[in-house]
Amino acid sequence: KIPGLSITVSINGKIVWSEGFGFADLENNLKVTPATRFRIASVSKTITAAAMARLYEQGKLDLDAPVQKYVPEFPSKGVVITARQLVGHLSGIRHLRRDPDPAKDEFFDRKIYCKNVTESVGRFQADPLDFAPGTKFGYSSKGFDLLSAMLERTSGKDFLDLLQNEVFGPLGMSNTGADDNRQIIPNRSRFYSLDAKKKAINAPYVDQSCDWAGGGLLSTAEDLVRFGSGHIQGDYLKQGTFEKMFTSQKTSDGKETGTGWGWR
């Protein structure tokens, strides 16, 4: 019942099949093509993790330093919160608040434009932690937004520019970027939901500017294949870094979480 989809397959890093099916825009009868840019939601987190890994390899980011080393204005919670915990959902930073009532649902009630990452962090930095860092696994897009502020400060670059320099550029992802409602973005799909009868309807308006790192990017199937191939082919990251990225982290009592650096 979905309006359209895009599929890309690569073998040994080479794209061997790429095709679109259905429609990217139902009202204007625009078909999906390999160039169609879709929202990738929380796959954005793995891209943020890649940027973090690059800064880690360059010696610019200490994964176990307190967040205040890089973002000093983030209020102390009386415990240490680190980049390693943020990228592994172990920080205790809350997630988006969900509610059956769309008017109270924080995911869909995102109509406020954040001018920068610092502003997005300011929207939750005063909130209490859900648990002591390291003690539990707690999925958190807000945690990735805080991580993106750390990456900005240590790199000296705007977060989206950092992604371009450290991820999109090196991996040839020329059709990946922010889902910015203010910009004219070629080949951006329209966005749809399914109603109770599985009929496509226009999705509720969502401004992604307060959550680039956690779920605010657009991409194509081809670019995501390039991203995936970059993690298993070539020398995008050092082998030792890959191993750390794909090794499950553990809670303080030794239980594996099933999540490494952004990847499950």
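Colleague: How many nonpolar, polar and charged residues does the lining of the largest pocket have?
Modeller: The model is predicted, so that local features need pLDDT of at least 70 and side-chain atom pairs count only at pLDDT 80 or more, while totals for chains, interfaces and linings use all residues. Residues are numbered from 1 along each chain as its sequence is written, and side-chain values use heavy atoms, with hydrogens and water left out. A pocket is an open set of points on a 1 Å grid over the protein atoms alone, with protein on both sides within 12 Å along at least five of seven lines, and its lining residues have an atom within 4 Å of a point. With Ala, Val, Leu, Ile, Met, Phe, Trp, Tyr, Cys and Pro taken as nonpolar, Asp, Glu, Lys and Arg as charged, and the others, Gly among them, as polar, this lining has 15 nonpolar, nine polar and five charged residues.

Colleague: Which element gives the most to the lining of the largest pocket?
Modeller: The largest pocket has a volume of about 600 Å³, a volume being the space filled by probe spheres set on points joined across faces, edges and corners. Of its 29 lining residues, the closest to the centre are Arg-39, Ala-41, Phe-191, Tyr-192 and Ala-203. Among DSSP runs, where helices (H or I) have at least four residues and strands (E) at least two, numbered from the N terminus, β2 (14-25), β4 (38-39), β6 (192-194) and α6 each supply at least two lining residues. The greatest contribution, three residues, comes from β6.

Colleague: How much space lies in the second largest pocket?
Modeller: Its lining includes Arg-39, Arg-188, Arg-190, Phe-191 and Tyr-205, and divides into five nonpolar, three polar and three charged residues. The space in this second largest pocket is about 180 Å³.

Colleague: How many residues of α4 are buried?
Modeller: Helix α4 reaches 21 Å from its first C-alpha to its last, close to the 21 Å expected for its 15 residues, the expected span being 1.5 Å times one less than the number of residues. Taking buried as under 20% relative accessible area, exposed as over 50% and partly exposed as in between (1.4 Å probe, protein chains only), the buried count in α4 is 14 of 15.

Colleague: What is the relative accessible area of Asn-12?
Modeller: Asn-12 lies in the loop between β1 (4-11) and β2, and has a positive phi of about 55° although it is not a glycine. Asn-12 counts as exposed because its relative accessible area is 66%.

Definitions and conventions:
1 Å grid on protein atoms, 1.4 Å probe; cavity = no way out; pocket = protein on both sides within 12 Å on 5 of 7 lines; lining within 4 Å.
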